[in-house]
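Here's a quick briefing on side-chain contacts, meant to be read next to the model. Have a look at the structure first, then we'll go through the pairs.

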Amino acid sequence: MSRTLARLRGIRRVLGLLLHLLAGLWTVYAVFPFLNPARRQQRVQAWAATLLRRCGLAMERRGAPAAPEPGHGLLLVSNHISWLDIPALHALVFCRFVSKSEVRRWPVVGRLASAAHTLYLQRASRRDAHRVLHDMADRLRAGDVLAVFPEGTTSNGLQLLPFHGNLLQAAISADACVQPVAIQFFDRAGEPSLIPCYVGSDTLIASLWRIVCAQGLVVRVSFGIPQKAGDRTRQEWADAVRAAVSVMRHTPA
């Protein structure tokens, strides 16, 4: 009986998500052209928050995103567990993500990501990596908030992978602050949940179905203290940010 109820819950949520995606596309094509940037950002944040609710997730926030310094911007540096990480961050702060170039070609999702001003990176191209770093530095100098996942891939959330320092070079070039961010998922009992994980050979459809059939999932987003590079190399800085994220992940509620 419980399995049947879970499936019915999943079907209901999937239908709601499809309608939400279509509403997002309609907003991008029919409403965005008439909105100023601030109103567009508000729409993106509201859409992301609704997406989480339609997936059945509650949200818990610790700390707050820092205000970007004029002319220097802010770089959010987070661990990476699931495709839900992006709407979870967007629901709390409008930011431009750095994502693999393949996302741009995904049906529906790619158009929505582009509407949120995602920066795309061809991960196999060193030349393209330099281009993206320049673009990131320019956006930081313009005062934007950017977000990256320096693990380079998703993990199960039970441990942190090494943080690569390459993308932090943009914050060094723009003299911008980095704010550590820790993302965690819990079940209704408050224990870490593996349901939202998107790792290995997992498919987006399989991941989505697990999530919409579950009940009582919570995503916790913790914002740390912003920091600058100082005289550290980008890898030393990445290691320090990783340590800050680790501390937040193990701080009791």
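K228 and D175 join their side chains in a salt bridge, at 3.5 Å from N to O. (A salt bridge here is a side-chain nitrogen of Lys or Arg within 4 Å of a carboxyl oxygen of Asp or Glu.) K228 sits in the loop between β7 (218-223) and α8 (234-249) and D175 in the loop between α6 and β6 (177-186), so this pair ties together parts that are 53 residues apart in sequence.

A word on the source: this is a predicted model, where local features need pLDDT of at least 70 and side-chain atom pairs count only at pLDDT 80 or more, while totals for chains, interfaces and linings use all residues. Residues are numbered from 1 along each chain as its sequence is written, and side-chain values use heavy atoms, leaving out hydrogens and water.

**Salt bridges**
- By that rule, the count comes to 9 salt bridges.
- D138 and R141 form one at 3.1 Å, N to O; both lie in helix α5 (residues 126-141), 3 residues apart, or about one turn of the helix.
- D202 and R210 meet in another, at 2.7 Å from N to O.
- E60, R62 and R220 are linked in a network of salt bridges.

**Aromatic rings**
- There's 1 aromatic pair in the structure.
- The rings of F97 and F149 have centres 5.9 Å apart and planes at 20 degrees, so they count as stacked (pairing needs centres within 6.5 Å; planes under 30 degrees apart are stacked, over 60 edge-to-face, and the rest tilted).

Technical notes:
Phe/Tyr/Trp six-rings, centres within 6.5 Å; stacked < 30°, edge-to-face > 60°. Helix = DSSP H or I, 4+ residues; strand = E, 2+ residues; numbered from the N terminus.
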